[in-house]
Amino acid sequence: MAIQIFGNSKSFDTKKAERWFAERRIPVQMVNLKDKGISNGELDSVISCLAKACGSRMDAIEELIDKNAKEYASIAYLEDSAKAQKLLDNPMLLKQPIVRNGKTAATVGYCPEVWEGWK
C-alpha cells in the first residue's frame, strides 16, 4: 500500500489523517501543498479515482474545491473547463487532506471508514 497525503501542516484534518495512519503503522508520503503543490499527473489521477465514485469528472473537481478557502471566489465562477487548471495554479483551493492509495483509490477530507477498507 503506497499512501500519499496531500495537505498543509496547518490543516487539522490533515494532521488527523497523518495520525490515523501513524497509529496503524502505515507508512505515508506527506506532500505539503503550500510548499510543493500537486502535479498535473497527480491531480489527474485523483480526479479519475474520485470520478468513479462521483459519477463524472466535473463532479470530482467540484468535490476537490474547498468552498471555505479564502480565495474561493477566484474559482467559483470559472467555466468548468478552467477549474482544474486553477486548482493546479493555486493548490490551497483544494479541500484537504487528499489521501491517495496508489493510482486506484483516493479520498478528499478525513475518511477513516474508507481507509479502513484499504488494508
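Visitor: Which exposed residues does the face of α1 turned away from its buried side carry?

Guide: That face carries F12, A22 and E23, which are exposed. Exposed means over 50% relative accessible area, buried means under 20%, and partly exposed lies in between, with a 1.4 Å probe and protein chains only. The areas come from the Shrake-Rupley method with that 1.4 Å probe, and for residues only the protein chains shown count as cover.

Visitor: And what kind of model is this?

Guide: This is a predicted model, in which local features need pLDDT of at least 70 and side-chain atom pairs count only at pLDDT 80 or more, while totals for chains, interfaces and linings use all residues. Residues are numbered from 1 along each chain as its sequence is written, and side-chain values use heavy atoms, with hydrogens and water left out.

Visitor: Back to the helix. Which residues of α1 are buried?

Guide: T14, A17, W20 and F21 are the buried residues of α1. Seen down the helix axis, they fall within an arc of 120°, so they line one face of α1. The arc is that of the directions from the helix axis to the C-beta atoms.

Visitor: What do those buried residues pack against?

Guide: They pack against the strands β1 (3-7), β2 (28-32) and β3 (98-101), and against helix α6 (112-116). Contact here means heavy atoms within 4.5 Å.

Visitor: How far apart are the end C-alpha atoms of α1?

Guide: They are 16 Å apart, which agrees with the 16 Å that the twelve residues of α1 (residues 12-23) should span at 1.5 Å a residue. The expected span is 1.5 Å times one less than the number of residues in the helix.

Visitor: Let us take one residue. Is T14 buried or exposed?

Guide: T14 counts as buried because its relative accessibility is 1%. Leaving aside neighbours within four places in sequence, T14 is in contact with I5, G7, N8, M30, Q96 and P97.

Visitor: Where is N8?

Guide: N8 lies in the loop between β1 and α1. At 9% relative accessibility, N8 is buried. Not counting residues up to four places away in sequence, N8 touches T14, M30, N32, K34, M92 and Q96.

Visitor: What follows α1?

Guide: R25 follows α1, in the loop between α1 and β2. The phi of R25 is near 55°, a positive value in a residue other than glycine. R25 is exposed, with a relative accessible area of 78%.

Visitor: A change of topic. How many helices and strands does the chain have?

Guide: The chain has six helices and four strands, in the order β-α-β-α-α-α-α-β-β-α along the sequence. Helices (H or I, at least four residues) and strands (E, at least two) are DSSP runs, numbered from the N terminus. The radius of gyration is 14 Å, close to the 14 Å that the globule rule gives for 119 residues, so the chain is as compact as a globular protein of that length. That radius is taken over C-alpha atoms, and the globule rule is 2.2 Å times the number of residues to the power 0.38.

Visitor: What share of the chain counts as buried?

Guide: Of the 119 residues, 45% count as buried. The chain exposes about 6,600 Å², and carbon and sulfur atoms supply 49% of that area.

Visitor: Which residues of the largest nonpolar core touch the most other members?

Guide: Of its 24 residues, I38, L43, L64, L87 and L94 do. Two or more residues of this core come from each of α2 (40-54), α3 (57-64), α5 (80-89) and β4 (105-108), and α2 gives the largest share, six residues. A second, separate core of eleven residues includes I26, A105, C111 and W115. A nonpolar core is a set of buried Ala, Val, Leu, Ile, Met, Phe, Trp, Tyr and Cys residues joined through side-chain atoms within 4.5 Å.

Visitor: What is I38 in contact with?

Guide: Leaving aside neighbours within four places in sequence, I38 is in contact with F6, L33, L43, L88 and L94.
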